[in-house]
Every structure is written in structure tokens, then in C-alpha cells.
Amino acid sequence: MQGAEILLQPGVFPRLLQGLWVTVWIAGVSVGLSIPVGLLTGWLMTLNNRVVKVIMRVYLDFIRIMPQLALLFLAYYGFARWFDWNLDATGACVLVFVLWGGAELGDLVRGALVSIPEVQFESSYVLGLNAWQTFSRVILPQALRRLLPASVNLATRIVKTTSLAVLLGVVEVIKVGQQIIDANRFQYPSGTLWIYGVIFFMYFIVCWPLSIVARRLEKRWAND
Amino acid sequence: MFDWSFVHRYAPFFVNGTLMTLFISIFGILLAIAVGLVCAGIELARIPVARQIVRVYIELSRNTPLLVQLYFLYFGLPKLGIVWSAEACAIIGLGFLGGSYMAEAMRGGLEAVPEVQRETAYVLGLSPMQSISRVVLPQAISTAVPGIVANVIFLIKESSVVSAIALADVMYMAKDLIGMYYSTYESLFLLVVSYLVILLPISIAGTWLERRFDYARR
Amino acid sequence: MTEQPALSVSNLTKQYANADHPVLDDISFTVPKGKVFVVVGPSGSGKSTLLRTIAGLEPIQGGTIALDGEVIETGRPDSAKAGRSRRSSALRTRIGMVFQSYDLFPNKTVLGNITLAPTLVQKRDRAEAEREAVKLLERVGLADRKDAWPHELSGGQRQRVAICRALILHPEVLLFDEVTAALDPEMVREVLDVMLGLAKSGQTMMIVTHEMNFARAIADHVILLDGGHIVEESDDAHAFFTNPNTERAQQFLRTFEFE
């Protein structure tokens with residue numbers, strides 16, 4: 001295929017992989033920070049305090065109804081200036097993905113906690129377990145089974161959404177691709193096709209295994 | 001400080017942007033529903049080769065970002081001589097992405113109809129067409145509606161990405177005004193209001209629709 | 001000139017594609033018009049499968065099924081993987097069936113469930129079908145629930161509606177596949193009472209059940225099915241249930257006793 005030689009140019013693949021690493025790093029940090037935020041928001045959502053409930057509702061609904069790109073703009077252009085906070089593009093991405101991931105995960109945590117049947121608490125009580133034992137040995141393991149597949153799915157979504165970072169100017173895999181395309185514009189005019197094709201499959205190679213893991217977990221635990 | 005006269009002056013831009021967002025979204029969603037129906041039909045009918053192709057398509061579509069799909073369609077494919085307008089690219093991109101999500105929602109709905117429902121229809125003498133139209137589809141739709149509504153909202157949100165291929169949607173307007181006038185707060189305010197105006201009614205209508213179709217609940 | 005039996009099954013064999021042994025092996029019997037034919041047997045004995053082959057839901061690999069003297073199904077050895085029988089709509093309405101559970105259409109009201117087939121398949125007038133539906137509902141004590149949705153009904157009520165839905169087509173034979181097995185104990189009675197009423201009115205019925213006392217009360221003819229064979233059959237239900245002839249039947253009936 002004409003133009004495919006661009007991929008064999010020295011430095012092209014290593015540079016793309018470096019870009020991919022930035023993508024994966026942003027996604028990884030965001031997922032990692034989402035977990036504590038999600039556990040906290042999930043727990044807050046189960047509380048019976050009216051003020052907390054309203055705040056959590058507004059937070060969750062706003063995050064869910066706004067496009068992620070709009071949230072990125074709000075964080076990068078609005079939030080930073082508002083609080084006079086020198087937030088760079090990467091920081092804005094991580095902030096948005098953590099707030100978004102935390103909200104989604106929080107809702108999952110809430111659902112998982114609420115779905116544990118009352119009889120589980122009652123049988124733990126009758127068996128003489130204390131509150132911590134009940135939570136750590138009975139409730140949490142069951143909640144995790146409902147939580148884990150959805151969390152892996154969320155990680156896939158965060159990886160895909162990381163692609164938007166390029167629109168704030170973060171030098172990640174897509175930006176690196178654009179730089180390569182620009183630098184070889186005259187030598188390999190059809191390089192665009194190949195570079196974007198490779199990036200397409202790079203994302204696929206990162207996300208697909210996560211999807212498979214999520215599906216396996218779902219299947220394995222669905223019947224328990 | 002917040003400049004209301006700016007908001008007033010540039011609100012019409014966002015009306016146009018909203019129309020563009022709706023235009024791309026509506027056609028993208030219709031295409032996604034069509035693609036989803038075809039895929040769900042192929043999977044359910046277990047058509048040999050087509051079924052494998054559908055599986056591959058669904059995996060590719062679900063595990064790659066819309067932005068990269070759009071860049072490939074808009075900047076990549078013309079190098080093979082396939083040239084589309086930005087609008088066509090955006091609609092095809094949304095259809096490609098949304099088709100797999102719609103297919104999964106529809107397949108889930110059809111699979112949720114218990115076999116005994118088809119058997120009862122058979123024993124009562126209903127023809128295959130009557131069985132599908134009177135018994136199977138109404139129940140499948142009621143199960144699939146929440147998923148389809150969620151996908152519609154998801155696709156409208158995703159459509160914000162088409163601003164990256166220079167389509168003048170809501171997102172593009174905000175980016176443009178921030179770049180030109182540094183009127184950040186006002187532009188962001190208009191951006192948020194525009195998306196709320198588009199998405200809130202749909203979200204509320206979706207909840208209503210789900211209740212309306214909830215007769216399958218047992 | 002003797003009257004044709006409502007249903008006659010000859011040498012019926014049912015074999016699943018991947019199974020070593022047939023589920024039903026050379027089964028023959030007749031159900032005379034207006035009689036109640038009861039099938040009992042341990043789980044896995046092929047009772048439900050027998051009803052399903054008669055209803056056309058499963059293909060048969062040998063033998064014939066005849067309805068009012070007319071053969072409607074002939075076994076074909078190569079049909080193990082075939083789907084439902086390609087019977088005409090009209091023929092299907094002549095054999096009614098009530099399933100174990102959850103077979104009301106959830107997207108239709110009680111009245112909608114009952115009038116669907118008469119208006120769609122038999123092309124009857126809607127007003128006339130609704131009048132008969134209400135009459136049937138009165139018979140089973142549910143006239144006031146005609147506009148309810150299935151999910152608003154108890155299990156016992158649903159099964160009574162399902163019986164009405166089958167009856168409105170005036171089937172020559174009505175099949176009951178463990179219709180009380182999924183019900184709470186206090187709802188079993190209301191369904192069985194409806195079936196006893198049907199038996200008195202002369203409806204030809206074939207019943208698969210685990211309720212032995214009910215079987216004894218309603219059966220004109222009873223067979224015990226085990227491993228795909230008829231192990232014992234009797235025209236005297238009382239004798240069958242108190243003093244069966246075969247060792248297998250005695251053993252089976254003992255599983256229902258507590259002493």
C-alpha cells in the first residue's frame with residue numbers, strides 16, 4: 001500500500017508509543033484517583049442527610065448531562081481562572097476525569113451497597129459478627145462483585161475519553177500523530193491515513209482487553 | 001466581571017450551534033438505530049459470515065474513541081480518494097459509534113423475551129409475523145427503551161467532538177468566542193446553557209418514555 | 001360406527017439430537033372425547049415433552065398424532081433439530097395449552113390477552129369475542145379484573161386467565177403442563193377448582209400434574225410415565241392411586257407419602 005512506508009521511518013513508532021504512554025498515564029492516574037473519590041461519593045449518597053443528598057444529586061446529574069469535552073473546557077478555561085489556579089491542560093484532564101469517574105463510580109458504589117439484601121445484615125447480626133466484621137467479611141465482598149465489572153468498563157470509557165486531551169493541546173498519542181503527519185506532509189502525502197489508522201488500533205489494543213475482562217467478570221459473577 | 005451584554009449579543013451564535021448539534025445528532029442517531037437494527041437482526045438470525053463481521057464491527061466501534069474515528073474518516077480516508085463533507089463524516093462517525101451501542105440494547109431486549117411467550121403465541125395459532133409484531137416486539141421494546149434512551153443522550157453528548165473537524169456546533173462556538181474575545185465566563189455560560197436546553201428535555205422525556213413502556217415489569 | 005377419539009397417539013418416539021436414549025419411546029394411547037387423561041411420573045420422565053409434541057412445539061422422530069381421527073403429525077427420523085411443527089394456524093387453535101407459568105402477554109390487559117387469538121386468528125368480531133371473554137372470566141371468578149395488567153395479578157389469577165385464553169378458541173383438547181407447580185400453596189386450589197369445573201362440563205383434557213389427590217379426583221384415565229415408557233395405565237383412578245399393579249408405580253406413589 002502506497003504511503004505505508006511512513007510507519008517504517010526511524011522514530012515514528014517509538015514516538016507514537018511515547019504518545020500512547022501519555023494517554024495511558026492520564027487514564028491510569030484518573031482511574032486510580034477515581035476509586036477513592038467514588039467510594040467516598042458512593043458512601044455519601046447512601047446517607048440520609050437532605051443537604052448532602054441534594055448536593056450529590058446536582059453533582060451527579062450535572063456531570064452526567066454535560067459532554068465530557070464541555071467539562072474539559074469548563075475546567076481548563078473556567079475553573080482554573082475562577083480560583084486563580086494555574087492548572088495546565090494535563091491537570092485539567094485529570095481533574096475532569098476524576099470528577100466524572102468519581103461520580104459514575106459513586107453511583108455504582110451506592111447501587112452495590114443498596115442492593116445487598118437486609119437479610120445479609122440480619123444473619124451477620126444473629127451470627128454475632130460486629131459492625132466492622134459484617135462490612136469487611138460479608139458486605140464488601142458482595143458489593144465488590146457487583147462493582148468490579150462496571151469499574152473495568154468505566155476504565156475503558158476513561159481511556160477512550162482521554163483522546164479529547166488533544167483538543168486542549170496535551171501532547172499525547174493523537175498530537176504526536178499530527179506532528180508526524182505534518183513533518184512528512186510532502187514526503188508521504190497519504191501518511192494521514194496510516195498514522196490515524198495506527199492510532200485507531202492502538203486505542204483498540206488498550207481498550208479491547210479491558211472490555212473482555214469486564215465481560216468475563218460479569219459472566220462469572222452473574223450467576224452467583 | 002460577567003458581561004450580560006456579551007451573552008445577549010452572542011446568544012444567536014449558540015442558537016445556530018444548537019441547531020448544528022441537533023442536525024448532526026438526529027441524523028447520526030437515526031443512522032445508529034438503523035445500523036443497530038441490522039446488526040441485532042443478523043446476530044439473532046445467526047447468519048453465518050455476517051454474524052462474525054458484526055462481532056468484529058461491534059468490538060472495533062466500542063473500543064475506540066469517536067475523535068479518532070472522525071479523524072480517520074475526515075483526514076485519512078480522502079487519501080484513498082474517499083472524500084466526504086464534514087457533516088457526512090460526523091453523521092457517519094456517530095452512526096458507526098452508536099450502531100454498536102444500539103445493537104447491544106436491542107439484542108438485550110429481544111433476548112429478554114422468554115421462549116414461552118413465543119410458544120404461547122404459536123399454540124394460540126398466531127402466525128410468525130403476528131407473533132413478532134403483537135407479542136415479541138412490544139415486549140422487546142419495553143426492555144430496550146431505557147438503553148436506547150441512554151444511547152441517544154450519550155450520542156448527543158459525543159456529538160460535541162465534531163467541533164474538532166470544524167463543524168460549527170455548540171462546542172465550536174464556545175471555543176471560537178473564547179479564542180477571539182477572551183470572554184471565557186460568558187462563553188462557558190452559554191455553552192452550559194445550550195447543552196442543558198438540548199439534553200434536559202430529552203432526559204426528562206426519556207424517563208417518561210421508560211414509565212410509559214414499563215408494562216413488561218413483573 | 002364408533003366415535004373417533006379426540007386424540008390418539010401411536011408409537012410416538014421423541015429423540016433429542018445429542019441424547020443416547022429417546023425421551024419418549026414408542027408411546028401409544030387414546031384420549032376419548034369429553035374425558036380427562038392424566039399423566040403422572042417423576043421429573044425427567046418425559047411428561048412435559050409429551051404435551052409439547054402434541055402441541056406441535058417439538059418435532060417427533062417416529063409415530064403419529066391424530067386429532068379427531070385425522071393424522072396431524074407424522075414422525076420423521078431426521079427432524080431432531082427441526083423447530084416447531086409447521087401446522088396451520090387453524091389447526092393450532094384446535095389444541096389448547098396452558099403452561100407452567102408466566103405465559104400471559106405482559107403487554108396486553110387480561111381482556112387483550114384473551115381476545116388476541118380469536119380476533120387475529122379466527123377473525124371473529126371483537127365485540128363478540130369480548131362478550132365471550134367476559135363470560136369466561138365470570139366462570140373463573142375474575143370478571144372484575146378484565147382490565148387489569150398481568151403484573152397486577154397473583155399467580156393463581158394469571159393461570160385462570162391463561163385457561164380462559166385457551167378456552168375462548170373452543171379447543172377440542174386442552175393440555176395442562178404442571179399449571180400449579182409454580183404457585184403458592186394457597187393459590188393452587190383456585191386453579192384446580194376451575195379445572196374440575198371444566199371436567200364436569202365435558203371438556204376433553206390432558207393433564208400433567210404433581211398433585212396426586214387432584215389427579216385421583218379428576219382422572220378418567222391415568223398413565224404413569226417413566227424413562228420415556230408408559231409403566232402403568234388404568235381406567236380406574238381410584239384403584240391406580242390406592243393399589244397400583246406394578247412395583248414401579250408403588251414406589252413412585254410412596255414418594256408422596258409421609259409416615
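**View 1. Burial in chain A.** Of the 224 residues in chain A, 38% come out as buried, meaning that 20 or more other C-beta atoms, placed from the backbone, lie within 10 Å of the residue's own. Keep in mind that this is a predicted model, where local features need pLDDT of at least 70, side-chain atom pairs count only at pLDDT 80 or more, and totals for chains, interfaces and linings use all residues. Residues are numbered from 1 along each chain as its sequence is written, with chains lettered from A and ligands numbered from 1 in the order in which they are written.

View 2. Chain A has 8 helices and 0 strands, counted as DSSP runs (H or I, at least four residues, for helices; E, at least two, for strands). Its radius of gyration, taken over C-alpha atoms, is 22 Å, well over the 17 Å that the globule rule gives for 224 residues, so chain A is more spread out than a compact globule. That rule is 2.2 Å times the number of residues to the power 0.38.

View 3. Residues 188-209 of chain B are 100% helix, with end C-alpha atoms 31 Å apart. Residues 66-97 of chain B are 72% helix and 0% strand, and there the end C-alpha atoms lie 7 Å apart.

**View 4. Where chain B meets chain C.** Each chain, B and C, puts 21 residues into the contact, which counts C-beta atoms, placed from the backbone, within 7 Å. On chain B, α5 (115-123) and α6 (128-158) each supply at least two residues of the side touching chain C.

Conventions:
Two residues are in contact if their C-beta atoms, placed from the backbone, lie within 7 Å. A residue is buried if 20 or more other C-beta atoms lie within 10 Å of its own, exposed if 12 or fewer, and partly exposed in between; C-beta atoms are placed from the backbone.
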